[in-house]
Amino acid sequence: MTSSQEPVITSYAKAPAKSITAGGVTFAYRELGPKGGIPVVFFVHLAATLDNWDPRIVDAIAKTRHVITFDQRGVGASSGTVPHTLEAAADDAYTFITALGLDKIDIFSFSMGGMIAQDLVVKHPDLVRKLVLTGTGPRGGRNIDKVVGVTYWDIFRSVITRSDPKEFLFFNRDKVGKKAGKEFVERLKERTVDRDAPISNKAFGTQLKAIQRYGRSAPSDLSVITQPTLIANGDNDRMVPSILSADLHQRIKDSELIIYPNSGHGGIFQYWEKFAPVAAKFLTD
């Protein structure tokens, strides 16, 4: 029996904005889907806020699962300043998760969020039941540190063409990729009220340097990850090279790997019609 008669929200565009204060930081978050059971916590990408999750993927998972998205410290509506390392970001995530009273979660992560998620699982293996790692790579992964140059070049290109940088960073620049990029950016606008504050330039720069540091540091021992793990990417990821998804797959025992053809960093968004049900099923089983 539920304690309230509130209708279950399964549309991310309508998920209420909430906040909780822990460790001196007020974390902004949203939640949706049926409560009860283990929630799925979403770890977002570089420069992203609560408004950067593709509603087609969130909504598919929220049909059957309690979903929680949150802003990292110093990002969007969360207070404080962005930490200089991804390990510290993982510590912040742990502070947020435990403040909600959770002792077991599933994780859905993308890009930088996947790097933070790995650090969290390595440090707190008992916290996580299942893990989804998309568009990401391992600590010390080859060429992750080149993300700074790629990112600034694509931002420059997007300014010239008056486009959203994600159209360049996440998608191939062929006809298919351009169409997928524009459709993705439009989906992110579906929430029309109570939108999040954009990331500041300073916070964005700090995150970029933290990713660079992650790429240049010693590898983590990923053999400690024994949770069921789903890894996915496009075959032409320029931000976090696709080969690193295969690297993760080799290092995480019994993990599952999906590589989508003719797609980039945002392969899961380009192929959301295929990927969303796969991710939802993986997290439900």
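The residues lining the second largest cavity divide into 7 nonpolar, 3 polar and 1 charged, where Ala, Val, Leu, Ile, Met, Phe, Trp, Tyr, Cys and Pro count as nonpolar, Asp, Glu, Lys and Arg as charged, and the others, Gly among them, as polar. These residues are Gln-72, Arg-73, Val-82, Pro-83, Thr-85, Leu-86, Ala-89, Met-112, Ile-116, Gln-207 and Ala-210, and the elements giving two or more residues to this lining are α2 (86–99), α3 (112–123) and α7 (201–215). Helices here are DSSP runs of H or I with at least four residues, numbered from the N terminus.

The model is a predicted one, in which local features need pLDDT of at least 70 and side-chain atom pairs count only at pLDDT 80 or more, whereas totals for chains, interfaces and linings use all residues. Residues are numbered from 1 along each chain as its sequence is written, and side-chain values use heavy atoms, with hydrogens and water left out.

On a 1 Å grid over the protein atoms alone, a cavity is a set of points where a 1.4 Å probe fits but cannot get out, a pocket is an open set with protein on both sides within 12 Å along at least five of seven lines, and lining residues have an atom within 4 Å of a point. Tyr-12, Ala-13, Arg-30, Leu-50, Asp-51, Trp-53, Pro-55, Arg-187, Leu-188, Glu-190 and Arg-191 line the largest cavity, which by class gives 6 nonpolar, no polar and 5 charged residues.

The largest pocket, with a volume of about 570 Å³, is lined by 27 residues, of which Ala-47, Asn-52, Asp-164, Lys-166 and Ile-199 lie nearest its centre. Its lining comprises 14 nonpolar, 7 polar and 6 charged residues.

Together with Trp-153 and Phe-156, Ile-160 forms a nonpolar patch on the surface, with about 360 Å² of accessible area. Such patches are made of residues with over 30% relative accessible area and no salt bridge, with nonpolar side chains joined within 5 Å and like charges within 9 Å; a salt bridge is a side-chain nitrogen of Lys or Arg within 4 Å of a carboxyl oxygen of Asp or Glu. The areas come from the Shrake-Rupley method with a 1.4 Å probe.

Note on methods
Grid points are joined across faces, edges and corners, and a volume is the space filled by probe spheres set on the points.
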